[in-house]
Amino acid sequence: MRAIALSAAGSLTTGSGTVLAQPAKPWQTGFPEAATPVMRDVLAFNDLLHPIISGIFIFVLILLFYTLYRFSAKRNPEPSTTTHNTLVEVVWTMVPVMILIVIAIPSFKLLYFQDRAVDPEMTIKAIGNQWYWTYEYPDYDGLTFDALMIADEDIGEDQFRLLETDNRVVVPVDTSIQVLVTASDVIHAWTIPAFGIKIDAVPGRMNETWFKAEREGVFYGQCSELCGAYHGFMPITVEVVSKDAFAAWVVKAQEEFALNDAPATTVAPSSALEGCTRLRARLVLPPADTPRTLIFAF
Ligand SMILES: [Cu+2]
């Protein structure tokens, strides 16, 4: 079991993330290595789609250039007057229909697969705020904490700029985890590419997804819905650890975060109306005599 260490910033992390950290690599193209069954299926679906769309692209391109060449005014001075051809029309209707069916079946299967957890072993609630995330572990006595990005000046040598948070979301490996996602102010989106998760966090609405991380490591994501001035500065850091290490972390975290006063933002609004009322209460309105053009600047 790995030791639990209190980092210099006073946050709880389980050991160093260097070896296990799995951010995108410089100049990386393509997807991250899958860490969950959902992401594995996403990659498989991509592998199915790519030959199909490449084939269509090449076919249309060849047809286009052949037509330009063969039927130019010079080579084909007398255009054909044919307007109908039943066989061709049936073929160019049926072939696309069949291609769409081939794509639709695995696509819908995947959509429903990633939609909700079947018999989840635990639940995490992620709440988007301008501009940080609040996490709740309802299965562990109301364990809750905020995760704020580590500023550039405080970033450690083995940490990744714009991706690291002061508190990581620690979860056990090989465990089916239900994720409930909402927001307290505007729409955010909770995203971890290696998990195949990108789900909107909407005020007054509870979205659901799940993941089952199949290997340990630190996985990174960023808010993926334009949510205001600091949209780019509310990363998501998930640390997948062994079940033993997770149990130890929970004990430590409950002590550490019990000191926090539960901030009002951790309670998701129960309705869109409540969300709006709360948002309005937080708005700083310009003085009444401000010229109209200036109001836009606010
Ligand atoms: Cu956001």
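Two strands pair if DSSP finds at least two bridges between them. The legends below use that rule for a predicted model.

View 1. Strand E4 covers residues 132-137, and strand E5 covers residues 143-147. Five bridges join E4 and E5, in the antiparallel sense. Look for Trp-133: its bridge partner in E5 is Ala-147.

View 2

View 3. E7 spans residues 177-183. E7 and E10 pair in the antiparallel sense, with five bridges. Within this pair, Gln-178 has Trp-210 of E10 as its bridge partner.

**View 4. A three-stranded open sheet is ordered E6-E12-E11.** Here too the pairing is mixed. The edge strands are E6 (169-172) and E11 (217-222), and each pairs on one side only. Neighbouring strands are turned by 25° against each other on average, direction ignored. E11 pairs with strand E12 (residues 235-241) in the antiparallel sense, over six bridges. Tyr-220 can be followed to its bridge partner in E12, Thr-237. Helix H3, residues 243-258, packs on this sheet. H3 touches E6 and E12, and its direction makes about 135° with that of E6.

**View 5. Tyr-230 lies in the loop between E11 and E12.** Is Tyr-230 buried or exposed? Tyr-230 has 12 C-beta neighbours inside 10 Å, so it counts as exposed. Tyr-132 is 98 residues apart from Tyr-230 in sequence. In space, the two are 9.2 Å apart, C-alpha to C-alpha.

**View 6. Helices H1 and H2 pack against each other.** H1 runs over residues 37-70 and H2 over residues 86-115. Their axes come within 10 Å and cross at roughly 170°. Angles over 145 degrees count as roughly antiparallel, so H1 is roughly antiparallel to H2. The crossing is left-handed. On the H1 side, the contact is made by Val-38, Asp-41, Val-42, Phe-45, Leu-48, Leu-49 and Ile-52. H2 contributes Ile-99, Ile-103, Pro-106, Ser-107, Leu-110, Phe-113 and Gln-114. By class, the contact has eleven nonpolar, two polar and one charged residues.

**View 7. The whole chain sets the close-ups in context.** The chain has five helices and twelve strands. Of its 298 residues, 28% are buried. Consider the contacts in the chain with a separation of 6 or more: residues 24 or more positions apart account for 70% of them.

Terms used: Residues numbered from 1 in each chain as written. Predicted model: local features only at pLDDT ≥ 70, side-chain atom pairs only at ≥ 80, totals over all residues. Axes fitted to C-alpha atoms, helices over the stretch in contact; angles between N-to-C directions. Helix = DSSP H or I, 4+ residues; strand = E, 2+ residues; numbered from the N terminus. Parallel < 35°, antiparallel > 145°, perpendicular 65-115°, else oblique. Left-handed = near helix turned anticlockwise from the far one by under 90°. Contact = placed C-beta atoms within 7 Å. Nonpolar A, V, L, I, M, F, W, Y, C, P; charged D, E, K, R; others polar. Buried ≥ 20, exposed ≤ 12 C-beta atoms within 10 Å, placed from the backbone.
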